[in-house]
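Hi,

Here is the structure I promised to send over.

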Amino acid sequence: MSVVEVAREAYREALPALSVSLVAGLLSGVVLGGMQDELRVVSGLLMLVPAFLATRGNVFGSFGARLATALHQGLIEPRVRGGDERLRAAVTAALVNALLVSVFAAVATYFVLTLLGLPHASLLTLVSIATIAGALSGAVLATAVVVVVFAGYRRGYNPDTIVGPVVTTTGDVFGLLFLLLAVRVVLALLGGGG
């Protein structure tokens, strides 16, 4: 294949995913704009948002890359089977990493705000929000990555080309939606945000 043909193929595969990513990114902005009350009530939440969203992309981008590599090497089949040890191990690792990094982001947010002398919610509030949102968004992202990587591979697409925009988009949209839900749940259970 010539350079032009390779470039044309890459754009053919990536352009639809990037287009969907653009529209969904705007939707994420709408969700974030709708979180103004929650951002006011839970001091420090705005600092947690970018860290939380970035970790979704990091954890599940790596997960998608591992799946794509395993497919290219023939280590897994592009279908979900209950007995596939490698797929189960990869999904479990991604979910555990997502939870751990969510908690770490909340703890880091708390300590940075404390060191800077800025107002912040309690450590329990921030960790609870991050844990709930991390678990829920992790479940959605793990499912989305597996479905997109396997479906794309079966249709002849390079999963490495499409997994990035899908993870970013899904992580932003569902990450924000589940952060909003988590804030409301935590505020209902623990009271004011501080």
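How many aromatic pairs does a search of the whole structure find? The answer is 3, bearing in mind that this is a predicted model. One of them joins Tyr110 and Phe111, edge-to-face, with 5.3 Å centre to centre and 85° between the planes. Phe111 itself is partly exposed, because its relative accessible area is 44% and that category runs between 20% and 50%.

Now for the inside. The largest nonpolar core has 25 residues, and the members that touch the most others are Val42, Leu45, Leu48, Leu126, Ile129, Leu176 and Leu179. At least two residues of this core come from each of helix 3 (45-72), helix 4 (85-116), helix 5 (123-154) and helix 6 (159-190). Helix 6 is the top contributor, giving 8 residues. There is also a second, separate core, with 19 residues, Val59, Ile76, Leu87 and Phe150 among them.

Leaving out neighbours within four places in sequence, Ile129 is in contact with Val42, Leu45, Leu179, Ala182, Val183 and Val186.

Is Glu38 buried or exposed? Glu38 counts as buried, because its relative accessibility is 8% and the cut-off for buried is under 20%. Setting aside residues up to four places away in sequence, Glu38 touches Leu45, Leu180, Val183 and Arg184.

You will find Val23 in helix 1 (residues 3-33), and it counts as exposed because its relative accessibility is 56%, where exposed means over 50%. From the C-alpha of Val23 to that of Val112 is 33 Å, with the two residues 89 apart along the chain.

Last stop, helix 3. Its 28 residues reach 40 Å from the first C-alpha to the last, close to the 40 Å expected at 1.5 Å a residue. After helix 3 comes Gly74, with a positive phi near 75°. And for a charge over a ring, see Arg56, which lies over the face of Phe52 at 4.2 Å from the ring centre.

Cheers

Conventions: Residues numbered from 1 in each chain as written. Predicted model: local features only at pLDDT ≥ 70, side-chain atom pairs only at ≥ 80, totals over all residues. Heavy atoms only, no water. Core = buried A, V, L, I, M, F, W, Y, C linked by side-chain atoms within 4.5 Å. Buried < 20%, exposed > 50% of the residue type's maximum accessible area, 1.4 Å probe, protein only. Helix = DSSP H or I, 4+ residues; strand = E, 2+ residues; numbered from the N terminus. Contact = heavy atoms within 4.5 Å. Phe/Tyr/Trp six-rings, centres within 6.5 Å; stacked < 30°, edge-to-face > 60°. Lys NZ or Arg CZ within 6 Å of the ring centre and 35° of its normal. Expected span 1.5 Å × (residues − 1).
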